[in-house]
Amino acid sequence: MSKYTLGIDIGSTTVKIAILDENETLLFADYERHFANIQETLADLLQKAYDKLGELTLHPVITGSGGLTLANHLEIPFVQEVIAVSTALQKIAPQTDVAIELGGEDAKIIYFEGGNIEQRMNGICAGGTGSFIDQMASLLQTDATGLNEYAKNYKALYPIAARCGVFAKTDIQPLINEGATKEDLSASIFQAVVNQTISGLACGKPIRGHVAFLGGPLHFLSELREAFIRTLKLDDEHAIMPENSHLFAAMGSAMNAKEETSVSLTQLKDRLHGSIHMDFEVERMEPLFATQEDYDAFNKRQSAYQVKKGDLTSYKGNCYLGIDAGSTTTKTALVGEDGTLLYSFYSNNNGSPLKTAIRSIQEIYSLLPEDAHIAYSCSTGYGEALIKAALILDEGEVETVSHYYAAAFFDPEVDCILDIGGQDMKCIKIRNQTVDSVQLNEACSSGCGSFIETFAKSLNYSVQDFAKAALFAEHPIDLGTRCTVFMNSKVKQAQKEGASVADISAGLAYSVIKNALYKVIKVSDATELGRHIVVQGGTFYNDAVLRSFEPGSVIRKAKKPPCFPFRRSMN
C-alpha cells in the first residue's frame with residue numbers, strides 16, 4: 001500500500017497544502033488566500049485534491065503561524081515552521097547556507113551553520129512583507145504583480161521606509177505628487193523591503209554563501225528577488241531559487257509526517273465542515289448593537305444633525321467655495337448666503353490633490369447658473385497652500401479654525417472637536433469660542449481611515465461592507481490601544497480562534513476610539529473631553545466607530561460636509 005503524506009501550512013494570509021508520495025514526489029499542491037476563513041479555505045483545497053487524486057489515506061502534519069490551534073482541534077500533529085522549511089531545504093537544496101523567506105505578514109532569515117540552525121523572525125512587525133507590498137501597490141493603483149512589471153524598467157531608486165506602511169506612505173505620497181514614475185517607485189518599494197529584511201532581521205550578521213529565496217513574494221516577484229541579489233552581490237551559483245519555493249513549509253511539514261497518524265481526505269474534510277469551537281485567548285467585548293431596535297434608535301438620534309441642502313442649478317446670488325485637500329482625500333463644498341449646501345464633492349486624491357480639486361471645480365462650473373456667482377473662495381488642509389496658489393483662491397485657512405466654524409454651525413456651545421481622517425487624528429479643545437489647544441496623532445496613523453481601509457481590503461471587503469459587518473458582531477475582539485502592526489498579531493490570534501470578519505471589524509471600530517482617547521488625547525476618563533463634542537472626518541461615517549464613541553458623551557455627527565473649509569459663509 002502506498003504511503004501518502006499531507007503538509008498543511010496555515011499562514012498569516014494564505015493556506016497551502018502539499019501531498020507527497022512515498023518517494024517524496026509532489027503529487028498535488030495548491031494555495032489560496034483565506035481572508036480570515038481558514039477552515040473553509042482548507043476544506044476547499046482538500047476538495048481540489050480529492051477531485052484530482054481521488055480518495056487517499058494520508059499521514060498529515062500542520063505548520064504555520066495560524067496552524068497550532070487548528071491542529072489541536074483536528075487531532076493532527078503540528079511541526080514548527082522553521083523545522084518544516086529546514087527539512088525541505090536539506091532535502092531539496094542541501095547546499096543552502098542562508099534562507100530568506102517572506103510571507104504575507106512574516107519575514108524570516110534562517111542560518112545553517114555546521115549543523116546548527118538559527119532563525120531570525122520579524123515577530124510583531126509586518127513591515128517589509130507581502131502585506132506591506134500589497135499596501136504600497138494600492139497607492140500606485142496596481143497590485144503586487146503590477147509593481148513587479150513596473151520595476152523591470154526603473155531608472156532611479158528613492159529612499160522609502162519599510163518599517164511600517166504608515167511611514168512608507170508618508171515617503172511615497174510626496175514622490176507621487178512630485179512626478180516620480182511608477183517604475184522608479186515600484187523598484188524603490190522592493191528595495192525598501194530588502195533594506196528592512198537585512199537591517200531588521202540580520203542585524204549586522206553577514207548573509208553570505210548560498211542563499212535560498214522562499215515564500216510567496218520572493219517566488220512570484222522576480223524584481224524583488226533581483227533587488228536582494230543585487231544588494232547581497234550574489235552570483236548565479238550562490239542565488240538559489242528552488243522550484244515551488246512558496247510551498248516549502250507545506251512540503252517540509254509533509255516530510256515530517258509520522259505513520260502513527262492517518263486520515264482519509266474525506267474524513268479530514270468532514271472534520272472541517274463540522275462545528276469546531278475554539279477557546280478565546282484574545283479578550284472579547286460587548287456587541288455594538290444588541291438588537292435592530294438599538295441600531296434604529298441610534299440612527300434616529302444621529303440623523304438630526306444635517307446641513308440644509310439646496311439645488312445649485314436653480315440658485316441665484318452669491319455663493320462661497322471651500323476646498324479641503326486632506327492627507328488621502330479632497331473635499332469641496334459650495335454654499336449659499338444662508339449656509340445651504342449647494343454642491344459637495346468627495347474623492348480620493350489618487351496621488352494628486354490638485355488634479356482632484358480641478359475636477360471638482362470643472363464640475364461646479366458645468367452646473368453653475370448665470371445668476372449665481374462665486375463671491376469668495378478658500379482652501380484648507382494639507383494642500384492648503386498648493387490649492388490656493390494654483391487656483392488663485394482668495395484665502396487659505398488654518399485647518400483647526402475651519403473645523404471650529406463647521407462644528408459651531410451644529411452646536412454653538414461646542415467645547416471639543418474630534419476629527420479622524422485618512423491618516424491623521426486631531427482633538428481640538430474650544431474655550432470662549434476660540435481654539436484653545438490641538439492634539440495630533442503625530443507619526444502613527446493607527447485608528448485612522450486608511451488603517452481600517454487596509455484591514456478591509458486584506459479581508460477582501462469594501463470599506464462600506466466591512467463597517468456594516470461590525471454592527472451586530474457577537475464577540476468583538478479587544479485590540480486595545482496598539483499600533484497597526486501590533487494589532488495584526490492580535491487579529492491573527494483571533495482568527496486562529498475562529499473570530500469572524502464581523503468580530504474583527506467591530507474590534508477595530510472600538511480600537512479607533514481607544515487610540516483617539518488614550519494614545520492621542522491621553523485622557524484617563526472620557527468625561528474629560530467636554531460636554532458638547534462634535535465629531536468630524538470621513539472615519540465617523542462608519543456607524544460602528546461612532547457607536548464606540550457614543551456612550552457617556554453628547555456627540556453630534558455632522559452628516560454633510562465633514563468640515564466647512566472657510567469662515568466667510570458663517571458670517
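**Entry 1: a salt bridge to start**

I began with Asp9, which forms a salt bridge with Lys16, the closest N and O atoms being 3.6 Å apart. For this I took a salt bridge as a side-chain nitrogen of Lys or Arg within 4 Å of a carboxyl oxygen of Asp or Glu. Asp9 counts as buried at 4% relative accessibility, and Lys16 is buried too, with a relative accessible area of 11%. My cut-offs here: buried is under 20% relative accessible area, exposed is over 50%, and partly exposed is in between (1.4 Å probe, protein chains only).

A reminder to myself: this is a predicted model, in which local features need pLDDT of at least 70 and side-chain atom pairs count only at pLDDT 80 or more, while totals for chains, interfaces and linings use all residues. Residues are numbered from 1 along each chain as its sequence is written, and side-chain values use heavy atoms, with hydrogens and water left out.

**Entry 2: other salt bridges**

How many salt bridges does the rule give? The count comes to 15.

I then looked up Lys205 and Glu118, whose side chains meet at 2.5 Å, N to O. Lys205 lies in the loop between helix H7 (182-202) and S8, and Glu118 in strand S7 (residues 116-121), so this pair ties together parts that are 87 residues apart in sequence. Glu118 counts as partly exposed, at 27% relative accessibility.

Next came Lys426 and Glu399, with a salt bridge of 3.1 Å, N to O. Lys426 sits in strand S17 (residues 425-431) and Glu399 in helix H15 (residues 399-410), 27 residues apart. Both Lys426 and Glu399 are buried. I also noted a network: salt bridges that share partners join Glu113, Glu118, Arg120 and Lys205.

Where does Asp21 lie? I found Asp21 in the loop between strand S2 (14-20) and strand S3 (26-33). Asp21 is buried yet has no salt bridge, and the nearest side chain of opposite charge, Lys3, is 10 Å away. For charge, Lys and Arg count as positive and Asp and Glu as negative; His and the chain ends are not counted.

What does the side chain of Asp21 reach? It reaches the backbone nitrogen of Thr25 at 2.9 Å, and the backbone nitrogen of Asn23 lies 2.9 Å from one of its polar atoms. Leaving out residues up to four places away in sequence, Asp21 touches Lys3, Tyr4 and Leu27; contact means heavy atoms within 4.5 Å.

I stepped back to the chain, which has 20 helices and 20 strands. These are DSSP runs numbered from the N terminus: helices are H or I with at least four residues, strands E with at least two. Of the 571 residues, 56% count as buried. Among contacts between residues at least 6 apart in sequence, 67% join residues at least 24 apart.

Two strands pair if DSSP finds at least two bridges between them. S4 and S10 run antiparallel, joined by 2 bridges, and Leu58 stands opposite Val263 in S10.

**Entry 3: two enclosed elements**

Why do I call helix H10 enclosed? For H10 (residues 248-255), 8 of the 8 residues are buried, so the helix is largely enclosed by the rest of the structure. Its buried residues pack against strand S1 (4-10), S2, S3, strand S4 (57-63), helix H3 (81-92) and strand S8 (211-214).

Strand S12 (residues 329-336) also has 8 of its 8 residues buried, so S12 is largely enclosed as well. Both faces are covered: Thr329, Lys331, Ala333 and Val335 on one side, Thr330, Thr332, Leu334 and Gly336 on the other. S12 pairs in the antiparallel sense with strand S11 (residues 317-325) over 7 bridges, and with strand S13 (residues 341-348) over 7 bridges. Asp324 stands opposite Lys331, and the bridge partner of Leu334 in S13 is Tyr343. The hairpin of S12 and S13 has 4 residues between the strands, and there Gly339 takes a positive phi near 90°.

**Entry 4: cysteines**

I searched the whole structure for disulfides (cysteine sulfur atoms within 2.5 Å) and found 0. The sulfur of Cys416 is 3.8 Å from the closest cysteine sulfur, in Cys427, too far for a bond. Cys416 counts as buried at 1% relative accessibility, and Cys378 counts as buried at 1%.

Note on methods: A polar contact is a pair of N or O atoms within 3.5 Å; within protein, one must be able to donate a hydrogen and the other to accept it, and residues adjacent in sequence count only if both atoms are side-chain atoms.
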